[in-house]
Amino acid sequence: KPCPLCDEAKEVLEPYRRRFILQEVDITLPENSAWYDKYKYDIPVFHLNGKFLMKHRVDTQKFEDQLTKLELQSD
């Protein structure tokens, strides 16, 4: 379904697309009802490596810091 907030977030994340895999979750699908119950008023929500990172808008500094930290750990 249309999600302007999600679309905006994807645009902000576009320059980083080669550094991570974006997995989108449609919380309106029945199989994602746990996510819906948790985040229905807070979209979009961002997790990085399974851990909550941020919600509502992309904090590029926070995202960059955490992404770099993960990249350094994998070297």
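Modeller: Start with a cut-off: buried means under 20% relative accessible area, and exposed means over 50%. Keep in mind that this is a predicted model.

Colleague: Why is D42 called buried?

Modeller: D42 has a relative accessible area of 18%. The limit for buried is under 20%. Therefore D42 counts as buried.

Colleague: Where does D42 lie?

Modeller: D42 sits in the loop between α2 (33–39) and β1. Leaving out residues up to four places away in sequence, D42 touches K55 and H56.

Colleague: What makes the pair D42 and H56 a polar contact?

Modeller: The distance between their side chains is 2.9 Å. A polar contact needs a pair of N or O atoms within 3.5 Å. The side chains of D42 and H56 make such a contact.

Colleague: How do you know that β1 and β2 pair?

Modeller: Pairing takes at least two bridges. Four bridges join β1 to β2, and the strands run antiparallel.

Colleague: What do β1 and β2 form, and how many residues are between them?

Modeller: They form a hairpin, with two residues between the strands. N49 is in the turn and has a positive phi of about 55 degrees. That places N49 in the loop between β1 (45–48) and β2 (51–55).

Colleague: Why does N49 count as exposed?

Modeller: N49 has 64% relative accessibility. Exposed means over 50%. So N49 counts as exposed.

Colleague: How far is N49 from L70?

Modeller: They are 21 residues apart in sequence. In space, C-alpha to C-alpha, N49 and L70 are 8.8 Å apart.

Definitions and conventions
Residues numbered from 1 in each chain as written. Predicted model: local features only at pLDDT ≥ 70, side-chain atom pairs only at ≥ 80, totals over all residues. Heavy atoms only, no water. Buried < 20%, exposed > 50% of the residue type's maximum accessible area, 1.4 Å probe, protein only. Polar contact = N/O pair within 3.5 Å; in protein donor to acceptor, adjacent residues only side chain to side chain. Contact = heavy atoms within 4.5 Å.
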